[in-house]
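Please keep the sequence and the three-dimensional view at hand while reading the numbered points.

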Amino acid sequence: MPNSATPTHCPYCALQCGMNLTPGSAGGVAVVERPDFPVNRGALCGKGRTAPAVLSSSVRLTTPLVRKAGVLEPASWGEALDRIAEGLTRTRTEHGPDACGVFGGGGLTNEKAYALGKFARIVLGTSQIDYNGRFCMSSAAAAGMKAFGLDRGLPFPLEDIPKTGCVVLVGSNLAETMPPALRYLTELKDNGGKLIVIDPRRTRTAEQADLHLAPRPGTDLALALGLLHVIVAEGRTDEEYIRERTSGWEEARAAAMAHWPEYVERITGVSVPELRAAVQMFCEPENAMVLTARGPEQQSKGTDTVGAWINLTLATGRAGRPLSGYGCLTGQGNGQGGREHGQKADQLPGYRKLVDPEARRHVAEVWGVDPDSLPGPGRSAYELLDALGTDIKSLLLMGSNPVVSAPRAAHIEDRIKSLDFLAVCDVVLSETAALADVVLPVTQWAEETGTTTNLEGRVLLRQRAITAPEGVRSDLEVMNELAARLGVEKGFATDPEEVFEELRRASAGGPADYSGITYRRLAEENGVFWPCPTPPADSADAVHAGTPRLFLDRFATEDGRARFVPVSHRAAAEEPDEEYPVLLTTGRVVAQYQSGAQTRRVDELNAAAPGPFVELHPRLAERLGAAEGDPLAVVSRRGRAVAPARITTAIRPDTVFMPFHWPGEGRANTLTNPALDPTSRMPEFKTCAVRVEVAGK
Ligand code: SF4
């Protein structure tokens, strides 16, 4: 219990709003404003404001659970940990190390994500580790790597947004996902800047726009190509910049020129005059930004789609210049840090590549193991979940709830049920934890110290404010205990700062270099932007200041030039047909977070967003004979979900929208298509073909 205010950060989204925690009622904590933190300047959304309710929730787990005769029963920590060690050992002995899977989460702190990657590779010796961040932003990460040689969500701080001339916001609904960030767009407009929003729905964010373009779901790649075509045709490219700072323009230009505005209009439904208006708005000011989020990313062509939007910034000379550029609005709380330090199937800490011999040597030395003992890259998240019960027999899962959040969720639920052994660490009995053989109750944000990295690449310190309830342990303690039971006595510290010190060494010299960052600095400064290397011994600077703005002098490619990637439109993996004539797109509502495992436990949030719904246009409703609130059955090739109708002109007549936060009958992910992007392995959450009917008619 804090005697005075403890500065910390929200447990939910990638904005990582600063907040102070003070003593609250019933021995808990209360959230109060922290205006000195520059990202949110005191503002919080309802999720952050009510986050302490989950700490003291009546459904909070405070004792381990072990399945006996088919029922989860309370057990001691010793018994529960022994059961996990036995389950994993049996699998390893009978089927080999790769039959043990590990699944992490974008909400885990950097320390936990780092330790989990290390645990998988040197304790279990498995290559089969990935995390739910793969479902969040991996297409933008892959496109950023291709174009710039480096992936950091925003290569500039949010504070630059109001100072630019135009922002093109693609597939992002900030008003619902991170409301305090909306003020950056309001300030942009107050300063005379323009806002273009690309979204199939007229969202609360789109309502703020000077221009809203509503393409058919799955066609924003064509839209970006059409815009580039118009830019070239109108002579609005920056030839000097293209010559000096990029490569690959001719191929990208040729690909764009095949996408005539009239052709793009037919594909997207966005008219030629709208395309020309967008180009004028984007090209007129000296500076402009393109920001993407889940809309373009969660597609089976997400990497190409984001690449097409990046090409726009390169062709107009906007990337790597002050107050201009491309950025991805990462979603999960530590979606950025979680993808940098080793829980991703192909990565080692510091955003190093697992296939790079020098990276393996460096990290193996920090870990005190033979580089040859490190496994190679494993399966991506969906592929890993799809292999459960066949190639992968046991799973250790931390900070994720794939029964609700994975695509084709009924199938994934079946795969999870077919495992020989499942262990889950969580704070409540999530829908996935309820299927486990062992559930371990772990600490939450306010009960533990650790670092996260927000969507700007700003590394932050979340400080412990209260003592965890009796019976609860941290994920780091869990890994320490399990490692010891599996024969690795050293190397899994339980003190987060000690783990961070090791992470600093492991990341040193890598693309995401944290070696110059310390807990002391993070406590004193409002975060430090990576890369932040340790200055050389002969440097006049005692510390590196961090890097708020990337690419101003050169890009992180070998030749320092940004790379155009030639891309062409292709259809979504599933297009409407006679049997499934409507498009489904999925997304979020302001009062719930991801699979809802935490936010569905908060009364105030449930009152605001009690359950799923199907948003549809009045014309479609009339065709179906549906009235407001009628139960609608939405059927795809993967299953059927039922939720009440919400009729609005804010959506295209050919599309329905469902939020994905709920399990059960209204689970949107029962319907979604796991078609994967070939590069990022991101599933196509954002579009699939469905049939809609009034349930029971
Ligand atoms: Fe801020 Fe996101 Fe938390 Fe809301 S959920 S308070 S926007 S960090």
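In which sense do S8 and strand S9 pair, and over how many bridges? The first point takes this up after a word on the model.

The model is a predicted one, in which local features need pLDDT of at least 70 and side-chain atom pairs count only at pLDDT 80 or more, whereas totals for chains, interfaces and linings use all residues. Residues are numbered from 1 along each chain as its sequence is written, and side-chain values use heavy atoms, with hydrogens and water left out.

1. **Strand S8 and its neighbours.** S8 and strand S9 (residues 194–198) pair in the parallel sense, over five bridges. Helices (H or I, at least four residues) and strands (E, at least two) are DSSP runs, numbered from the N terminus, and two strands pair if DSSP finds at least two bridges between them. S8 is also joined to strand S12 (residues 289–292) by four bridges, and these two strands run parallel. Leu169 takes part on both sides: Val197 stands opposite Leu169 in S9, and Leu291 is the bridge partner of Leu169 in S12.

2. **Burial of S8.** Five of the five residues of S8 (residues 166–170) are buried, so this strand is largely enclosed by the rest of the structure. Here buried means under 20% relative accessible area, exposed over 50%, and partly exposed in between (1.4 Å probe, protein chains only). In a regular strand the side chains alternate between the two faces of the sheet. Both faces of S8 are covered, with Cys166, Val168 and Val170 buried on one side and Val167 and Leu169 buried on the other.

3. **Strand S18.** Strand S17 (residues 421–426) runs parallel to S18, with four bridges between them, and Asp426 stands opposite Pro441.

4. **The sheet S1-S2-S3.** Three strands, in the order S1-S2-S3, form an open sheet with antiparallel pairing. Its edge strands are S1 (6–9) and S3, each of which pairs on one side only. From one strand to the next, the twist averages 40°. S1 and S2 (residues 18–23) run antiparallel and are joined by four bridges; Thr8 stands opposite Met19 in S2.

5. **Two helix pairs.** Axes are lines fitted to C-alpha atoms, for helices over the stretch in contact, and angles run from 0 to 180 degrees between N-to-C directions. The axes of helix H16 (residues 357–367) and helix H21 (residues 496–507) come within 9 Å and cross at roughly 155°. That angle makes H16 roughly antiparallel to H21. Angles under 35 degrees count as roughly parallel, over 145 as roughly antiparallel, 65 to 115 as roughly perpendicular and the rest as oblique. The axes of helix H4 (residues 110–124) and helix H20 (residues 475–485) come within 10 Å and cross at roughly 15°. H4 is therefore roughly parallel to H20.

6. **Backbone details.** Most residues other than glycine have a negative phi, and most peptide bonds are trans. Arg41 is not a glycine, yet has a positive phi of about 45°; Arg41 lies in the loop between strand S3 (29–32) and helix H1 (46–49) and, at 34% relative accessibility, counts as partly exposed. Gln594, also not a glycine, has a positive phi of about 45°. Gln594 is found in the loop between strand S23 (582–587) and helix H23 (603–608) and counts as buried at 16% relative accessibility. Trp530 and Pro531 are joined by a cis peptide bond, with omega about -5°. Pro531 lies in the loop between strand S21 (528–529) and strand S22 (562–563).

7. **A contact across the sequence.** Gly153 is found in the loop between helix H5 (138–148) and S8, and is buried, with a relative accessible area of 4%. How far apart are Gly153 and Leu455 in sequence and in space? They are 302 residues apart in sequence and 5.5 Å apart in space, C-alpha to C-alpha.
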